[in-house]
Amino acid sequence: MTAAKSDVRQGTLALMVLKTLQTIGPLHGYGIARRIEQTSGNRLVVNYGTLYPALLKLQQDGYISSEWDVSDNNRKAKYYKLTRAGHKQVEKEVGEWEQTNAILARFLAPDQETQ
Amino acid sequence: MRTLRAWFLRAAGLFHKERRDRELADEIESNLRMHIDDNVRAGMTPAEAQRQAMLKFGSVESAKESYRDQRGIPLLESLWQDVRFGLRMLRKSASFTALAILTLALGVGANATVFSWVRTLLLNPLPGVVAANHVVALETLAPDGSWEPTSYLDFRDLRDNCKSVQAMSVTKPMALAVGDTESVERVWGEAVSGNFFEMLGVKPALGRFFSTAEVDQQQNARPLVILSHAYWLSHYHADPGVIGASVRINHFPYTIIGVTPEEFHGSMPGLSFDAWVPATMYGQLASTGDNTLLDRKWRTFRVLARLAPGVSLGEARAEVVSHAKDMARDDANTNEGMSATLLPMWESHYGIQGSMLGPLGILMAACALVLLIVCANLANLQLARATARQKEFVLRLSLGASRSRLIRQVLTECSLVAVAGSLGGIAIASWLKGTLAWFLPRSSVPALGHVPLDIGVLFFAITLAFAVALVSGLAASLRVVGRNTDEMLKTGGRASSSAHSSRLRGLLATSEMALAVVAMIAAGLLLESFRNVSKIRPGFDAQQVVVAQLDLSAASYDAQQANAFYQRLQQELERQPGVTAVSYADYVPLSLSGGSWEKLEIRGYVPTPSEDMDIYRSLISPGYFNLMKIPIFEGRDFRSSDDMNAPPVMIVNQEFVRRFIGTGTAVGRQVHGWGSWFTIIGVAADSKVFRLNESPAPYFYVPMRQIYRPEMGLAFFVHTSASNDSALSTLQREARAAAPTIPVFDVMSLSDEISVSLFTQRISAGLVSVLAGVALSLAALGLFGVMTYSVAQRTNEIGIRIALGAQRKHVFAMVLGQGTRVALLGITIGTLAAWAVTRLMIGALYGVKPGDPGTFCAVSLLLLAIALLACYVPARRAMRVDPMVALKYE
């Protein structure tokens, strides 16, 4: 482990989980964690102490649902998948993120602002 | 919506914990396996694969912990833990718990009871009335500033002219004889204006109410009656067909048009009425004729007003005063010098709230004292407990419990005590609230015996219990929890705080003692005045005399018929066995019913301009003085020949002679009243008329056969050689037999009537004594607790002393001395406080000064004795300490 790796910023983990499930389809907790780490180019570490409560919260909010299934290599695992509300939520949050990003970008690049 | 759903799921997460825990464990297990599989596939050895996977996974237990927090509602779960733990702890120290709950229940119960009385009589005096705080009383003021009822014409002028008053109505409380010739019952009713119910905002439960246009126009034209809910229930079994039915009132047929809602009792605080008739029917019902409503001097009505929106009482009063001034000028022949004022209901002179104001004030003060003692006692108990639990707290703190968590634990335990205490208090209050009826005068007017224990009172009780329990508990445990953990661990959580906290506990016990002294001295002074008042001789002999009152207004007799009736009944009664004398009068002395007066002019006496020449009087029959054993000093008693055809005569009392006649002979002097000149024929001894503790006032008697007033009262007095009880039944039977249509009421012995007149003193002395007793026992309990605890703490020290040769009696004296010091300090402070406070009670005292040395000494000695008693048991325990056991204990 190198110092460059950081924990997932709070509040963004939920969106990453939702986006992962949207891209890949139904997936178990371990798979979600690995996928997020890979997508980040191994710059993020997903802590399971944060992941499980986050998954539970998303379930309680009704964005994802879970069921037990058998994995590719014949292991029983709990699979999570997006619900209809979850799909909408991804769109909404992605939109919000893009907007926030755009605004922040203008702040963080003051040279462009004057043009 | 989504949040609600999430909370619902979290709440559901509180259940089936095992199944959910197992599922989480399975999921973690399966994910871990997949991780290991991946590692092996990447080329690690199985052992290395497992090690790396575990490393990456982090603490499984901590993951589970945060998962559980998200699953349920942590605050709720730890609250539940606290409650269970608290219940266990409370059960473990059962004596503490029982004491705390009992103390709290006593304090809360006493306060809730008095609060419910205050609420019924003062705060919410008119239940069922909309925005009752805007309803005020209008009272006429005589030139000397005393209040009077209002005449109908004055009322009409004020009603039509006052802009700051939205509506104004008269009400005249009156006893009505309701029923047919078979059985007539006395029912209390009010004669009211057409807008009475509308002004009060009361809606009929059944039928309709009067309309202004209908009943305020002509006199005696609308024989309509509205019944109370209670009367409708008891006499008509809640039959809705009662509307339109006819009922006889004072022998006139009336039509029932409505029923009031259940909570409405009429317009006089603390009293309940059962019937309402139009004020324009008053002349007919009271047999006073049409003139009653047309004569400005006939001041007989009570007036209520509702303030217009946004108008203050002061503004409205100013307008009323200015109109009254105009009226005093315009109608100078009747109203010269008169004025009027507006008063809030609780200050109004009608109803029982006036006479209850003093006793209730004293009661509330006594209750507040008890509550303070309860607080001190509870704080003491909590402090003892917190000190005892210091070890537990220190252990928990050092094991990582947060201070806020410990405080939450203490709060939970206090709340448990508060819940139990308030439940106990409510039970006590609901049992006590009915006792108000015992203290109300047993007069002929129906007092509102039913005191509702409503939401307000319950809320009050519960808030009180929680406030007391939480404040005392928190204050106590903060002292313990707030300390430095390290230091406490070193001392084993024992000795470090004991000196400090036992000083605080001594202080609490001292203040309890002081408060108890104040309560006891107040009770002692009130008891002493009650004794003094009961010892006053009324000036007549009430032994072996029974009285019955009759309501003649129902019979509509003229003077002749009335006289015939008196004589017939008197002869019937005289024939009965055991009856030794019979007499009658229009007033029973000391009966609280309020007397009548006449404006007199005495030949040869010139009153000062402001002198009140309205002198109270009685109309009596011959033989009255003999029966009552009131001596006649000069002249003679009335004879049966002193009737309508004979010259008018009167007998005056000694005070009358002292004030108006001086040293000359009174007999033969001329006095003017009722439009004619009376000759004084005798002087009777002074006797008490209204209250036992009144000072002598001029009074006079006239033969009932010479003065007849259709509205006057009639009471028959029977002196008996047999028992009072048999005389009472004889009197009741004969009075009914003589005229079945005349209601007979208030049949009781004259000594009972007198004890009724003592009710103000009785209620104050009785209740305050009970409360002082409670205060005393709580203070004794507090001192006992402190001493017991102090001995337990010092067991070690005492053991060493004894081992070193201290004599056991010295140990005993030492403990006793310590307790006595606390008690003496408390008694001294309490005595000084009482010295200052009892001055406020001067109005409630009779024949005893606020600083009465006897009472102060007696109470101090009593308290000292009780304090010694409270210290005796702990001192004995200290004396018996076995040095070996005490030393081993460490």
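This is a predicted model: local features need pLDDT of at least 70, side-chain atom pairs count only at pLDDT 80 or more; totals for chains, interfaces and linings use all residues.
**Notebook: helix crossing, cores and the A–B contact**

I started with two helices of chain A: the crossing of α1(A) and α4(A) is left-handed, meaning that the near helix is turned anticlockwise from the far one by less than a right angle, clockwise being right-handed. Helices here are DSSP runs of H or I with at least four residues, strands are E runs of at least two, and both are numbered from the N terminus.

Residues are numbered from 1 along each chain as its sequence is written, with chains lettered from A and ligands numbered from 1 in the order in which they are written.

Next I looked up the geometry. The axes of α1 (12-24) and α4 (84-108) of chain A come within 10 Å and cross at roughly 120 degrees; axes are lines fitted to C-alpha atoms, for helices over the stretch in contact, and angles run from 0 to 180 degrees between N-to-C directions. The pair is therefore oblique, the label left over once under 35 degrees is roughly parallel, over 145 roughly antiparallel and 65 to 115 roughly perpendicular.

Who touches whom? On the α1(A) side I listed A:Leu15, A:Leu18, A:Lys19 and A:Gln22, and they meet residues of α4(A) including A:His87, A:Val90 and A:Trp97. Contact means C-beta atoms, placed from the backbone, within 7 Å.

Then I read chain A as a whole. It has 5 helices and 5 strands, in the order β-α-β-α-β-α-β-β-α-α.

On to the cores, which are sets of buried Ala, Val, Leu, Ile, Met, Phe, Trp, Tyr and Cys joined through C-beta atoms within 7 Å. The largest has 235 residues, and B:Leu783 is among those with the most contacts inside it. Helix α26 (759-793) of chain B gives the largest share of this core, 18 residues. Apart from it I found another core of 25 residues, with A:Tyr48, A:Leu55, A:Ile64 and B:Met34 among them.

Last entry, the contact between the chains: 19 residues come from chain A and 21 from chain B. On the chain A side, α3(A) supplies the largest share, 8 residues.

How values were computed: Two residues are in contact if their C-beta atoms, placed from the backbone, lie within 7 Å. A residue is buried if 20 or more other C-beta atoms lie within 10 Å of its own, exposed if 12 or fewer, and partly exposed in between; C-beta atoms are placed from the backbone.
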